[in-house]
Amino acid sequence: MLEIKNLHVKLEDDDTVILKGVNLNLEPGKVHAIMGPNGSGKSTLSYVLSGRDGYEVTEGEAWLDGVNILDLEPEERAAAGLFLAFQYPVEIPGVSNMTFLRTAVNAQRKARGEEEMNSTEFLKLIRERAKTLDIDADMLKRPINVGFSGGEKKRNEILQMAMLEPRMCILDETDSGLDVDAMKLVAKGVNALRDPNRAFLVITHYQRLLDHIEPDVVHIMSDGRIIKTGGPELAIEVEKNGYADIKAEVA
Amino acid sequence: MALTQAKLDATEARLAAMDAPAQGAGWLAQARGGAVARLREMGLPGRRDEYWKFTRPDSLIAPEAPRAAVFEIDEAPMFDEFDRLKLVFVDGVFDPDSSDDPSLAGVEIERLSDVADTDIHWARDLYGVLEARGQSPVARPLAALNTGYAKDGFLIRVTGRAERPISLIYRHETDSSDAILHHVVRLEEGAELTLLENGPAAARFNKVLEVDIADGARFNHIRAQGRDHERRAATHIFARLGAESVFKSFTMSVNGVMTRNECVIELTGDDAVAHVAGAAMGDGDFHHDDTVFVTHDAERCESRQVFKKVLRNGAVGVFQGKILVKDGAQKTDGYQISQSLLLDDDSQFLAKPELEIYADDVACSHGSTTGAIDADTLYYLRSRGVPEAEATDLLVLSFLAQAVEEIEDEALREAITARLDAWLARRRG
């Protein structure tokens, strides 16, 4: 589904090179996890894929269903089916969650040449999907993420994902700042979206999220490269021994 | 202080171009005569005046109004969905045929042009009186001109709780209209009124609203300034607040090449509350000036000024806001914020926040900021599939929301937001 080939990325403003040749092939129906120490480039990978400013791709491609998404604007990538659940969702006062989501859903539909969703359909769908994530009507009416707790913000990200129905979902450290109960709720939301036609890339420091969202493939990233790939057992190994062993083994 | 020759000439040229309202011995004629005398003493504003440093008064004082095309738009009139008493003016003249019968339980409504010889004691004590009080310490000559020459407007006395809002609708139908309207509102003790105003009014509009709010009374004011592109307006609100009274005023402005909205508030009774807010969006040759002067002259009063402007393509926004706390106005709570969102490098925002405090136990704060769209926030919206132009407009609404939220009534708040949203959507095409 998403094929990342030899991706090299540096910061736009200086010569700092962050990604040094990342290769990943994310298949439909599969959950891939990327683990790695701080500064290994995990979050940068998610930003570059979703089109954030400030990075320069010096080499490589990222093909989503036959399109190199690195050539697209962020909104075009979203319409093409890419979604990033942010590590730090942004607070936007004065715009209700509901208004925002409806704008986003319909903007994507319009971009794909589909019919826009009317407000009755939209309301019905959002209520149903919000329920799974324990999001009440009041939270939908509130301004985007304003005054939300860490758990509410992350659940809100998953709600957006559920409403936008992307084919390629990237979760950037969705577990950060969450207690166990909040994490379970988020994981439940994510698992409900697992589907043979959808691929997931879960970025995390810790194995604990992967107890709840079970990955098919685990990659270890270090210094801008994937240094090791394996099954779920790789995550357990990291939890037990840390990254140092793997780095040493690869070096 | 003697006026400069240039100022004298400009003032006399303007006065020569006016047709004076009927003279007489009645109270109204006297009030008008007094205003004209005041005006001659202070002269019309000039470009060198400190209070007009950021806004060129030329087009507002010229003997003839610059023309303004009538803007045709296929959109339901503002406030159309609200149950209200409609009073319609066309190019500054009351049009009874388009209006409701001006009667409302708990409210006395008199047309200014009908009262010349009638002794309406309450209006006699207010017409031009609050305006005259507001001439110090800063002169507001356009308001004196208004008092002297306004032929139309309403005198509204509220004795109870008005069951529905009074809605003043200002239609603009002639390219060259030059309208002067003067309204007076008196809220008796414990009375309540919501006043709505909307429409471009005229090619050039000079309006004064004097509001006297007795103890425990509440006055709500929501204004949507018409969006005719070339219109010009100089408006003044003079409000005097009694003890435990409440004054809340919100203005939305989109378009208009020249707008100067002055709001002069005097808190004269203890525990009174005055909030004034504005949300303005301008494009191109838009010039929008909010000038506010709040005087605290009683204890434990609260005043709040919240002004937001979104400017692009060379539009100019001005804010001059002052809080004056007089000796003895202890426990004053004064707040003022003015912010602009500049969507490009050509636009500018000029702000002059001022505090002058003579009491020692007060909490006053003021702030002013100028900024651009936040890149991270824009990226967040775009990453959800919202195209850049639409995402920017969502952030424009987000920015203005803090001012719009000053409107107490939820339905009115939503109506204003919907207008701002529609304006942005139309502009996007």
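## Close-up views of a two-chain predicted model

**View 1. Surroundings of Lys248(B) in the predicted model.** Leaving aside its neighbours within four places in sequence, Lys248(B) is in contact with Phe219(B), Asn220(B), His221(B), His275(B) and Glu408(B), where contact means heavy atoms within 4.5 Å. Lys248(B) lies in strand E11 (residues 246–254) of chain B; helices (H or I, at least four residues) and strands (E, at least two) are DSSP runs, numbered from the N terminus. With a relative accessibility of 15%, Lys248(B) counts as buried, the term buried being used under 20% relative accessible area, exposed over 50% and partly exposed in between (1.4 Å probe, protein chains only). This is a predicted model, in which local features need pLDDT of at least 70 and side-chain atom pairs count only at pLDDT 80 or more, whereas totals for chains, interfaces and linings use all residues. Residues are numbered from 1 along each chain as its sequence is written, chains are lettered from A and ligands numbered from 1 in the order in which they are written, and side-chain values use heavy atoms, with hydrogens and water left out.

**View 2. Helix H2 against helix H6 in chain B.** The axes of H2(B) (residues 27–42) and H6(B) (residues 141–149) come within 7 Å and cross at roughly 150°, the axes being lines fitted to C-alpha atoms, for helices over the stretch in contact, with angles running from 0 to 180 degrees between N-to-C directions. That angle makes H2(B) roughly antiparallel to H6(B); angles under 35 degrees count as roughly parallel, over 145 as roughly antiparallel, 65 to 115 as roughly perpendicular and the rest as oblique. H2(B) passes H6(B) in a left-handed crossing, that is, one in which the near helix is turned anticlockwise from the far one by less than a right angle, clockwise being right-handed. From H2(B) the contact draws on Ala31(B), Arg32(B), Ala35(B), Val36(B), Arg38(B), Leu39(B) and Met42(B), and from H6(B) on Pro141(B), Ala144(B), Leu145(B), Thr147(B), Gly148(B) and Tyr149(B). By class, this contact has nine nonpolar, two polar and two charged residues, where Ala, Val, Leu, Ile, Met, Phe, Trp, Tyr, Cys and Pro count as nonpolar, Asp, Glu, Lys and Arg as charged, and the others, Gly among them, as polar.

**View 3. Helix H4 against helix H6 in chain A.** The axes of H4(A) (residues 119–132) and H6(A) (residues 150–164) come within 10 Å and cross at roughly 135°, which makes H4(A) oblique to H6(A). The crossing of these two helices, H4(A) and H6(A), is right-handed. Phe122(A), Leu125(A), Ile126(A), Arg129(A) and Ala130(A) of H4(A) meet Leu159(A), Ala162(A) and Met163(A) of H6(A) in the contact, whose residues divide into seven nonpolar, no polar and one charged.

**View 4. Helix H1 of chain A and its end.** Nine of the nine residues of H1(A) (residues 42–50) are buried, so this helix is largely enclosed by the rest of the structure. The buried residues include Lys42(A), Tyr47(A) and Ser50(A), and H1(A) is followed by Gly51(A), whose phi is positive, near 100°.

**View 5. Ile246(A) in helix H9.** Ile246(A) is placed in H9(A) (residues 233–250) and, at 1% relative accessibility, counts as buried. Leaving aside neighbours within four places in sequence, Ile246(A) is in contact with Ile220(A), Ile227(A), Lys228(A), Leu234(A), Glu237(A) and Val238(A).
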